[in-house]
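My notes follow in the order I looked things up.

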Amino acid sequence: RTVEEPPFLFVNRSDGGPLFSGIVVEMLEKLAEDMDFTYDLDLVPDGKYGVFYETENGTVHGNGLVGEIFHCRADLGIAAIGITSNRVKYVEYSKSWMDYGLLLLASKPKPADSNYFAFLDPFT
């Protein structure tokens, strides 16, 4: 199973069902070729990466991609998914094959103009 998120996964919906393309598909095709397996790729029904939660009686439930794996509704999940402390308790991750960091950018403060006569300002 997977989650739609360009450029990792593009979904072209047609009458014959969805057609997938993107980095995730290329990676999965290469893995299938190298490891000699076949696969059927489909989207996670709720379109989410997912979280786990515990009910009052202690039963663990998961939704999204991680929930599909945890509840054995899929053998494999492939997506640009982050590792969280919540998820790592219940599913295993492969080694990361791509660094997808999010950053916040801001402009640098402009330096103040140098005024060699600033010491005289109190006298003006």
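Predicted model: local features only at pLDDT ≥ 70, side-chain atom pairs only at ≥ 80, totals over all residues.

Entry 1. Arginine 1 has a relative accessible area of 19%. The cut-off for buried is under 20%, so arginine 1 goes down as buried.

Entry 2. What does arginine 1 pair with? I found glutamate 68 in a salt bridge with arginine 1, with 2.1 Å between the closest N and O atoms. This pair links distant parts of the chain, 67 residues apart: arginine 1 is in the segment before S1, and glutamate 68 is in helix H2 (residues 64-70). I checked the cover on glutamate 68 too, and at 8% relative accessibility glutamate 68 is buried.

Entry 3. Arginine 1 also meets aspartate 42 in a salt bridge, side chain to side chain, at 3.0 Å from N to O. Arginine 1 comes before strand S1 (10-14) and aspartate 42 is in the loop between helix H1 (23-35) and strand S3 (52-54), so this contact ties together parts 41 residues apart in sequence. Aspartate 42 is partly exposed, with 32% relative accessibility.

Entry 4. Back to glutamate 68, to look for another partner. I noted a salt bridge from glutamate 68 to arginine 73, where the closest N and O atoms are 3.1 Å apart. Drawing the shared partners together, I get one network of salt bridges that joins Arg1, Asp42, Glu68 and Arg73.

Entry 5. I then took the count for the model, which comes to five salt bridges.

Entry 6. Last, the surface. Which residues form a nonpolar patch there? I listed Tyr116, Phe117, Phe119, Leu120 and Phe123, which together have about 700 Å² of accessible area. I looked up one of them, tyrosine 116, in more detail. Tyrosine 116 is in the segment after helix H3 (85-88). At 71% relative accessibility, tyrosine 116 is exposed, whereas arginine 1, where I began, is buried.

Methods
Residues numbered from 1 in each chain as written. Heavy atoms only, no water. Salt bridge = Lys/Arg side-chain N within 4 Å of Asp/Glu carboxyl O. Helix = DSSP H or I, 4+ residues; strand = E, 2+ residues; numbered from the N terminus. Buried < 20%, exposed > 50% of the residue type's maximum accessible area, 1.4 Å probe, protein only. Patch = residues over 30% accessible without salt bridge, like charges linked within 9 Å, V, L, I, M, F, W, Y side chains within 5 Å. Areas by Shrake-Rupley, 256 points an atom, 1.4 Å probe, with all protein chains shown as cover.
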